[in-house]
Amino acid sequence: MPPKPKADNAAYKQLKKDIDQGSISRLYVFCGEEAYLRDFYLGRIKKKLLPPGMEEFNLHTLSGKEFELKKLEQMVDCLPMMSERTLIVVSDYDIYKGDKEGLAALFADLPEYVCLVFVYDLIEYKADARTKLAGALKAHGSVVAFNRQEQGDLVDWVKRRFKADGHDIDSEEARYLIFLCGDLMNGLISEIGKISAYAKHHRVTREDIDAVATPQLDAVVFQMTDAIALKDFNRAALVLGDLFHMQEAPIKLLSVLGRQLRQLYAARLALEARKGTGYLMELWGMRSAYPAEKLMQSARRFSLAWCRRAVIRCGEIDLAMKSTGADGEELLTQLLLELAGPGAA
């Protein structure tokens, strides 16, 4: 698996500078999977450009379903009222599937008082660099990708959010929270709110996190393999029961477990070759060292032969689940019994 390319954040950094310096441009495309940041900076643009109470007159919105170039042109022609700028937000419209020539001409002739933002939320932004529209966008606007944040930045943000709620959390527990609940701010913000409301003391503990946080599927599966590594079959069985209660299809659970076991096998091979977490991160395209460190710790408790056999059996169970009428939950339970049986470690 090739490593994930490092995101280009130049446009994102420039946007922050534009807002701070009051030099907001006329044209932006907002895309990327970090919805929290996208909404945050769109909110900052609104606050900068729209005087309080005048939003009704100077903010114009258009959805992709109702988009027509003529409607957009009419919005562009609306002069600001008691404000220097107007803000136009177009949501979920694929600019490369409509009148590209017309949009290119519009981009080139946007008035100074206009700020036009295309927001990609439910649809993915896919540029076509061969078109005249792409050239016009590059010349007159900016494509800002709100990407998942690097681990260090995300840990700092988690600590700031807890502090805003009247709590402290140390870096290790913040990394654990990210590992447990995922690294998207939009999901973490609700978890931070729940934990802050639950925590009885100023400093948030791991027990606080485990008590109320909703873990992502990958983290729950890791808890099961970790229990097997500790030879705690009862705990592993309880976790499998939790997975069944999540009402995910058994084939999906097996897919996540299979990926986990392949990563565990890779970690064991890395240990055999005396390679560290950096190798594992590059191999699996991990953005942070925390999950790689957890995998390496877990892999030390398993033999190479067990890891190899676990990957093979997972593949065989996958085939059985897809090609026979056997019950998926029973097959998963059978696999757990084998993994946790004699010779598990």
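The structure is a predicted model, in which local features need pLDDT of at least 70 and side-chain atom pairs count only at pLDDT 80 or more, while totals for chains, interfaces and linings use all residues. Residues are numbered from 1 along each chain as its sequence is written, and side-chain values use heavy atoms, with hydrogens and water left out.

Arginine 268 is placed in helix H13 (residues 250–272); helices (H or I, at least four residues) are DSSP runs numbered from the N terminus. Arginine 268 counts as buried, at 15% relative accessibility. Buried denotes under 20% relative accessible area, exposed over 50%, and partly exposed the range in between (1.4 Å probe, protein chains only). Leaving aside residues up to four places away in sequence, arginine 268 touches Ala299, Arg300, Phe302, Ser303, Leu304 and Cys307, contact being heavy atoms within 4.5 Å.

Side chains of opposite charge can pair when their charged atoms come close. Searching the whole structure gives 19 salt bridges, each defined as a side-chain nitrogen of Lys or Arg within 4 Å of a carboxyl oxygen of Asp or Glu. One of them joins the side chains of arginine 38 and aspartate 39, at 3.6 Å from N to O. Arginine 38 is buried, with 4% relative accessibility, whereas aspartate 39 is partly exposed, at 44%.

Another salt bridge links lysine 194 with glutamate 191, with an N to O distance of 3.2 Å. These two residues are separated by about one helical turn because they are three residues apart in helix H9 (residues 185–198). Glutamate 191 is buried at a relative accessible area of 8%; lysine 194 is partly exposed at 33% relative accessibility.

A salt bridge between glutamate 338 and arginine 313 has an N to O distance of 2.7 Å. Glutamate 338 belongs to helix H17 (residues 328–339) and arginine 313 to helix H16 (residues 304–323), so this pair ties together parts that are 25 residues apart in sequence. Arginine 313 is buried, with a relative accessible area of 13%, and glutamate 338 is partly exposed, with 36% relative accessibility.
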